[in-house]
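Please read it alongside the sequence and model.

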Amino acid sequence: HASAFAEHGTEARQRAVVEFRRRLRSLAKRRCRRRIVEALDAALDDVIARHESLRTVFPDIDGVPHQKVLAAEPGMWRRDEPAVVEISETDVIGELTELTGYRFDLSAEIPIRAQIYQTGPEDYIVGIVFHHIAFDGWSMAPMVRDIGVAYASRAQGHAPGWAPLPV
C-alpha cells in the first residue's frame with residue numbers, strides 16, 4: 001500500500017538524515033573557487049548518470065509504487081533551481097540543516113538533492129542529501145570516491161573515464 005511505502009520511506013530518510021548530519025561538518029567544510037563550480041556541477045551530473053539508483057523514481061500506479069529509472073539529463077540534481085545560492089556565512093548551518101530535512105517525494109523526484117552555497121566572493125560550500133532508498137552507510141565511501149573522481153576529471157576539462165559499474 002502506498003501509505004505503508006511512504007511511512008517506510010520516511011523512516012529510511014530519517015536514518016539517512018541522521019547519518020548525513022553526523023558527517024555534515026566535514027562535508028560542509030569543503031570549499032571551492034568559482035572557476036571550478038562548473039566542474040562540481042558537471043561532476044554531480046556525471047555521478048547521477050553513472051548510478052541508476054540516483055535517477056530512480058517510484059510513481060504510484062493503482063496504489064502500488066513502481067520503480068522507474070529516468071534517463072540521465074544535465075541538472076537533474078538542481079530541480080529547476082539555480083546551482084549556486086548566495087547566503088551569508090552565518091546562515092550556512094541553518095540552510096544545511098534545512099537541506100538535510102528535505103522530504104523527498106519519491107513518486108516524482110530523484111533521491112538526491114544538492115545545493116552549492118556561495119558565502120563570499122570566492123567561498124562555496126556544497127551540501128548533498130541522499131534518500132536512504134538509494135544510499136546507505138555502506139554507500140558513503142564509493143559515492144564520495146565517484147564524486148571525487150568526477151570532480152577531478154571535470155576540473156581538468158574532461159569527463160571521468162571510469163569503467164562501467166558491475167551489474
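## Cavity

The largest cavity has a volume of about 30 Å³. The structure holds 1 cavity of 30 Å³ or more. A cavity is a set of points, on a 1 Å grid over the protein atoms alone, where a 1.4 Å probe fits but cannot get out; lining residues have an atom within 4 Å of a point. Volume is the space filled by probe spheres set on the points, with grid points joined across faces, edges and corners.

The lining consists of Leu44, Val47, Ile48, Leu54, Ile112, Phe130, Met143 and Ile147. Helix α2 gives the most, with 3 residues. Elements are DSSP runs numbered from the N terminus: helices are H or I with at least four residues, strands E with at least two. By class, the lining has 8 nonpolar, no polar and no charged residues. Nonpolar means Ala, Val, Leu, Ile, Met, Phe, Trp, Tyr, Cys and Pro; charged means Asp, Glu, Lys and Arg; the others, Gly among them, are polar.

## Model basis

This is a predicted model: local features need pLDDT of at least 70, side-chain atom pairs count only at pLDDT 80 or more, and totals for chains, interfaces and linings use all residues. Residues are numbered from 1 along each chain as its sequence is written, and side-chain values use heavy atoms, with hydrogens and water left out.

## Helix α3

In helix α3 (residues 92-100), the buried residues are Val92, Leu96, Leu99 and Thr100. They sit on the same side of α3, because they cover an arc of only 95° around the axis. The arc is taken from the directions from the helix axis to the C-beta atoms. Buried means under 20% relative accessible area, exposed over 50%, and partly exposed in between (1.4 Å probe, protein chains only).

## Salt bridges

The structure holds 4 salt bridges. Each needs a side-chain nitrogen of Lys or Arg within 4 Å of a carboxyl oxygen of Asp or Glu. One of them joins Asp41 and Arg78 at 3.0 Å, N to O. Asp41 is in helix α2 and Arg78 in the loop between β4 (68-69) and β5 (84-86), 37 residues apart. Asp41 is buried at 15%; Arg78 is partly exposed at 24%.

Asp146 and Arg50 pair at 3.1 Å, N to O. This bridge ties helix α4 to helix α2, across 96 residues in sequence. Both Asp146 and Arg50 are buried.

Technical notes. 1 Å grid on protein atoms, 1.4 Å probe; cavity = no way out; pocket = protein on both sides within 12 Å on 5 of 7 lines; lining within 4 Å.
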